[in-house]
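Hi,

Here is the structure I promised to send over. Have a look at it first, and then read on for what turned up.

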Amino acid sequence: MPTARVNGITMYYEQHGAGEPLLLINGLAANITLLAPLIAWFARSHRVVAFDNRGAGRTDKPDAPYTIELMAKDTAALMDALSVERANVLGISMGGRIALELALSCPNRVGRLVLVSTSAAGRGKITVSWPMRLLLRLRWLGLLRGKYPQPRYAYLRQRQASASYDATGRLGDIRVPALILHGRRDRSMPVDLAERMHAGIPGSRVELFRGGHMFFLFAERQQFLDQAGRFLAE
């Protein structure tokens, strides 16, 4: 099992493919098994580095406060451990906020930035769709356990980190090419938040899809992959 000791925790990661490095950063409560179809597609043209964030999957889950800044430091430390000096970064939902913070705190380490189903700031709370709420409740009750279950405390630690983050006032400092991909029906992060992020990041582009928060995994997956692939190849 590939792991690295980074920033005081043991982090699980996987590498697939060859070429220009691409970091895939996952969202709240998710582990990298969710990203398997995306990893396989991007690995045809990139060295894909995917990992479980602090608090999820096969990475350590300390019961202590988490912040987006802390998880961005985890990511930078993993890059160091894998001798990745600079990479394109694709972040999803909470992972998009980690990607934003990485671009702000380590600008020389980020090439192109793809921000998916995310925004620059939390609203003090996380809105979760009812199917996801049901899934999480069944997991915590032990009625539906995945292969790598997330303890409830770790979910709450991640959730608080994402909800309390705010990079709105620093978006103008991002100088790398940025592409924002967002679903028009996203209830977790309404589309107006993505449009505000687009307005704040100089030279950024935004592409909207018909679906909701998880549009990139279901009906519009190939359109999402094509848009992201073209941007990364520029």
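Predicted model: local features only at pLDDT ≥ 70, side-chain atom pairs only at ≥ 80, totals over all residues.

Thr75 has a relative accessible area of 1%, and since anything under 20% counts as buried, Thr75 is buried. You'll find Thr75 in helix H2. Leaving out residues up to four places away in sequence, Thr75 touches Leu23, Ile25, Phe51, Ile98 and Leu102. There is also Ala99, which sits 24 residues from Thr75 in sequence, with 8.9 Å between their C-alpha atoms.

Now for the whole chain. The protein chain has seven helices and eight strands. Its radius of gyration is 16 Å, close to the 17 Å that the globule rule gives for 234 residues, so the chain is as compact as a globular protein of that length. Of the 234 residues, 53% are buried. Take the contacts with a separation of 6 or more: 77% of them are between residues 24 or more positions apart.

Next, the inside. In soluble globular proteins, nonpolar side chains tend to be buried together. In this model the largest nonpolar core has 45 residues, and the members touching the most others are Leu78, Leu100 and Leu113. Setting aside neighbours within four places in sequence, Leu78 is in contact with Ala4, Val6, Met11, Tyr13, Val49 and Phe51. Apart from that core lies another one, of 27 residues, including Leu22, Phe42, Phe209 and Phe215.

Back to helices. Two packed helices are described by the angle between their axes and the distance between the axes. How do H2 and H3 cross, and at what angle? Helix H2 (residues 68–81) and helix H3 (residues 94–105) have axes that come within 8 Å and cross at roughly 70 degrees. That makes H2 roughly perpendicular to H3. On the H2 side the contact is made by Ile68, Glu69, Met71, Ala72, Thr75, Ala76 and Met79, and on the H3 side by Met94, Arg97, Ile98, Glu101 and Leu102. Sorted by class, that contact has eight nonpolar, one polar and three charged residues.

Most residues other than glycine have a negative phi. Asn7, however, has a positive phi, near 50 degrees, and is not a glycine. Asn7 is in the loop between strand E1 (3–6) and strand E2 (9–16), and is partly exposed, with a relative accessible area of 37%. Ser93 is not a glycine either, yet has a positive phi of about 55 degrees. Ser93 lies in the loop between strand E5 (87–92) and H3, and counts as buried at 11% relative accessibility.

Last one: where does Gly27 lie? Gly27 is in the loop between strand E3 (20–25) and helix H1 (36–42), and is buried, with a relative accessible area of 5%. Not counting residues up to four places away in sequence, Gly27 touches Asn53, Ile92, Ser93, Met94, Gly95 and Gln158. Gly27 and Phe218 are 191 residues apart in sequence, while their C-alpha atoms are 16 Å apart in space.

Cheers

Terms used. Residues numbered from 1 in each chain as written. Heavy atoms only, no water. Core = buried A, V, L, I, M, F, W, Y, C linked by side-chain atoms within 4.5 Å. Buried < 20%, exposed > 50% of the residue type's maximum accessible area, 1.4 Å probe, protein only. Contact = heavy atoms within 4.5 Å. Axes fitted to C-alpha atoms, helices over the stretch in contact; angles between N-to-C directions. Helix = DSSP H or I, 4+ residues; strand = E, 2+ residues; numbered from the N terminus. Parallel < 35°, antiparallel > 145°, perpendicular 65-115°, else oblique. Nonpolar A, V, L, I, M, F, W, Y, C, P; charged D, E, K, R; others polar. Rg over C-alpha atoms; globule rule 2.2 N^0.38 Å.
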